[in-house]
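Subject: Structure handover, with notes on pockets and helices

Dear colleague,

I am passing on the structure below, and I would be glad if you could read the notes that follow alongside it.

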Amino acid sequence: MTDLLADQNPLPSGVDSRLRDHLTFLIEVDQLKTVLRASPLAAADRRENDAEHSWHLALMVMTLAEYADEPIDVGHTMKLVVVHDLIEIYAGDTPIYDTELAASQQEREEAAADRLFGILPEDAGREMRALWDEFEARVTPEARFAKAMDRLQPLLLNWMAKGGTWRTPGVTADDVRARKAVIGEGSEKLWKAALQLIDEGERRGWARS
């Protein structure tokens, strides 16, 4: 594989080959810090990046696990949210309300997953890819709760921004509800709270009726 970040300053030749692949992968995913999302930060006047988003999700899993509708393995769920957006270093972020870009999302992300997880030793790459696939499929309780966190986190940021991406041209409060409904697959209690935020945001004019 060519054009990797690690190629810019190659690791010493004496580094064990398996460890070299692991370190090369870790250097490569440093790019996640440069992938900007549409969501505004609550604490600063700028957009969030993917690494910040993934960290926040991991903390949310730890903090909100008690609200999961089904028992979950917290450690495994944290793995899912840490891995879920890594492929965006190649595929880019797809804003939730960008229907045109969403049309190519699966193809772009599958190709990115093949490329990125292929950097790792074969067994480690399979394990990492399995985590990504599990998150995308939303079949396990852990994946459903992880996806719920992925939808709840930007909702909180948009609430703090008094609308944020809810103000995207053409987007209505019903669009927001439809996109966020997946929260209810992981936690009915968190979905009820999310609806309260959306409803109040609509009442205040932060989202179009």
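Strand β1 (36-40) is joined by two bridges to strand β2 (residues 47-49), and the two run antiparallel; strands are taken as DSSP runs of E of at least two residues, helices as runs of H or I of at least four residues, both numbered from the N terminus, and two strands pair if DSSP finds at least two bridges between them. L36 stands opposite N49 in β2, and six residues lie between β1 and β2 in the hairpin that they form.

Please keep in mind that this is a predicted model, in which local features need pLDDT of at least 70 and side-chain atom pairs count only at pLDDT 80 or more, while totals for chains, interfaces and linings use all residues. Residues are numbered from 1 along each chain as its sequence is written, and side-chain values use heavy atoms, with hydrogens and water left out.

On the open spaces, the search used a 1 Å grid over the protein atoms alone: a cavity is a set of points where a 1.4 Å probe fits but cannot get out, a pocket is an open set with protein on both sides within 12 Å along at least five of seven lines, and lining residues have an atom within 4 Å of a point. Grid points are joined across faces, edges and corners, and a volume is the space filled by probe spheres set on the points.

The largest pocket holds about 620 Å³ of space and is lined by 31 residues, of which T94, P95, I96, Q105 and R151 lie nearest its centre. At least two lining residues come from each of β1, α6 (105-117), α7 (122-137), α8 (141-160) and α9 (173-180), with α8 supplying the largest share, five residues. By class this lining has nine nonpolar, nine polar and 13 charged residues, where Ala, Val, Leu, Ile, Met, Phe, Trp, Tyr, Cys and Pro count as nonpolar, Asp, Glu, Lys and Arg as charged, and the others, Gly among them, as polar.

The second largest pocket, with a volume of about 200 Å³, has a lining of 10 nonpolar residues, one polar and no charged; among the lining residues are H22, F25, L86 and M128. Two or more of the lining residues come from each of α1 (17-28), α3 (74-83) and α7, and α1 gives the largest share, three residues.

The structure holds one cavity of 30 Å³ or more, and its lining includes D69, E70, R144 and E185. Of the elements, α8 gives the most to that lining, with three residues, and the classes are four nonpolar, one polar and four charged.

Turning to the helices, A173, V176, R177 and K180 are the buried residues of α9, buried meaning under 20% relative accessible area and exposed over 50%, with partly exposed in between (1.4 Å probe, protein chains only). Seen down the axis of α9, these buried residues fall within an arc of 100 degrees, so they line one face of the helix; the arc is that of the directions from the helix axis to the C-beta atoms. D174 and A178 are exposed on the other side of α9. In helix α6 lies Q106, which is exposed, with a relative accessible area of 60%.

With best wishes
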